[in-house]
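Work through the exercises below with the sequence and the structure open. Each task is followed by a solution in steps.

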Amino acid sequence: YFGFTGRAEPIRRLLIHSGIKFEDGRIKFEEWPKYKDQFELKQVPVLEYEGKRYSQTYAILEFLGAKYGYLPKEHDELYRVIFIMNTAEEVMCKALDATSPTSELTEPEKAEALKKLLEVEGPLYLSALEKKLKLNCTQDFIVGRSHTIADFYLMGIYANVLNHPDWKTMFGDRIEKKYPVLHAYAEKRMKDFNLYYGKCKTKLYYFDMPGRAEMIRITLKQMHNPFEDIRIKYEDWPKEKVSGKFELQQLPILECEACGINVCQADAIMHRLGIRYGYLPISNPEKLYKVLWWCNTWKDIMEGCAKLFGPISEGKKVQTRADLFEKTVPLYFARMEERLKLNKAQSFLVGKSYTNADFYFVGIWRGFIQNPMFPEFKEITKKFPLLEQYFEVNNKLLQH
């Protein structure tokens, strides 16, 4: 596409949200003549995917939506998706006719078209969109309870409004004042793309150790998300704990003011990041089960280690430690080794790419298996060479 938002922006946002790595080719206007004849309809956007070329914004969105789970299968929801996209498209086309330098209308006709759009057509269409949003089961999404191609389409158009000085004044301000539900929805969904467009200011709060935060650090690094790794000293924690900054008075906490995020609980943070950036395969139940098996198995080991520092008697602590390192850990490691052998690629725990399972494995291994407070792990891991080899390889690759 060209070097601006335009009709390609909904497609970009779908690809960004799905976690697909793509090359965002931006053609300069002066170079367009030499590219034009290469494309089927002599126009852009064009998607090159697995050796094939796809054109027409709507068609590309439906193709990718069907492939990556953004196109509803339920008929009523599908109707609403198409209705919303068609309505938004009509508004954008009318706005282009009334304001674009390339419009075929004369200047008096453009002035009349703009007046009609602002006073009659715009309110009609925007009221319809506001009504659809209010009637939806949640105002976080335009249809259903998760992203659809309609969300990406609306956000693409909204990005055009915000990036066009005249449109922002004429349309953006009106949306904010007269359609508060639609405006709140748009502002919230736009934050989904802060990371990609370099607007994230992420902060991760934890102690100066791997612990429960290490897997989160690894995930953020893998996402290429620059973040402030705030390490709180133990002697400062009692004061920080009651400061009101931490919801459950515990760590880790992930925060981003630009995105309106302040979330706690390591597992919840990992789920949020995994779903948002494609490391938790929610559209594939079998693969999702395998990923969560690894995550929960490592969590059991981590919790077992944590119990040794709980308020229990010395006698109970000795027995708990014996049970953990003589029974539980050898059993769990044996099952892990079996699963890793069965995976198609021993470079990853599930499938052929990184998932939350890999981040849990490396993060908890660093925080607990390599911790000198648990010397028993050193002897146990010698019996499982495949697990050791996996960690050695990915420990180098997943640095932060």
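**Exercise 1. Charges and overall build**

How many positive and negative side chains does the protein have, and how far apart do the centres of the two sets lie?

Solution. This is a predicted model, in which local features need pLDDT of at least 70 and side-chain atom pairs count only at pLDDT 80 or more, while totals for chains, interfaces and linings use all residues. Residues are numbered from 1 along each chain as its sequence is written, and side-chain values use heavy atoms, with hydrogens and water left out.

Step 1. Count Lys and Arg as positive and Asp and Glu as negative, leaving out His and the chain ends. The protein has 60 positive and 54 negative side chains.

Step 2. Place each charge at NZ of Lys, CZ of Arg, CG of Asp or CD of Glu. The centres of the two sets are then 3 Å apart.

Step 3. The protein has 16 helices and six strands (DSSP runs numbered from the N terminus: H or I of at least four residues for helices, E of at least two for strands). Its C-alpha atoms fill a box of roughly 90 × 50 × 40 Å along the principal axes.

Step 4. Of the 400 residues, 46% are buried (buried means under 20% relative accessible area with a 1.4 Å probe, protein chains only).

**Exercise 2. The largest cavity**

Solution. Step 1. On a 1 Å grid over the protein atoms alone, a cavity is a set of points where a 1.4 Å probe fits but cannot get out; lining residues have an atom within 4 Å of a point. The structure holds two cavities of 30 Å³ or more.

Step 1. The largest cavity has about 420 Å³ of space, a volume being the space filled by probe spheres set on the points, which are joined across faces, edges and corners. Its lining has 24 residues, and Val91, Leu126, Ile157, Val161 and Ile175 are the closest to its centre.

Step 2. Two or more lining residues come from each of H4, helix H5 (107-135), H6, H7 and helix H8 (180-190). H5 gives the most, with six residues.

**Exercise 3. Histidine 183**

Is histidine 183 buried or exposed?

Solution. Step 1. Locate histidine 183 in helix H8.

Step 1. Histidine 183 counts as buried because its relative accessibility is 15%.

Step 2. List the contacts (heavy atoms within 4.5 Å). Beyond neighbours within four places in sequence, histidine 183 is in contact with Tyr158, Ile175 and Glu176. Ile175 is also one of the residues closest to the centre of the largest cavity.

Notes: Buried < 20%, exposed > 50% of the residue type's maximum accessible area, 1.4 Å probe, protein only. 1 Å grid on protein atoms, 1.4 Å probe; cavity = no way out; pocket = protein on both sides within 12 Å on 5 of 7 lines; lining within 4 Å.
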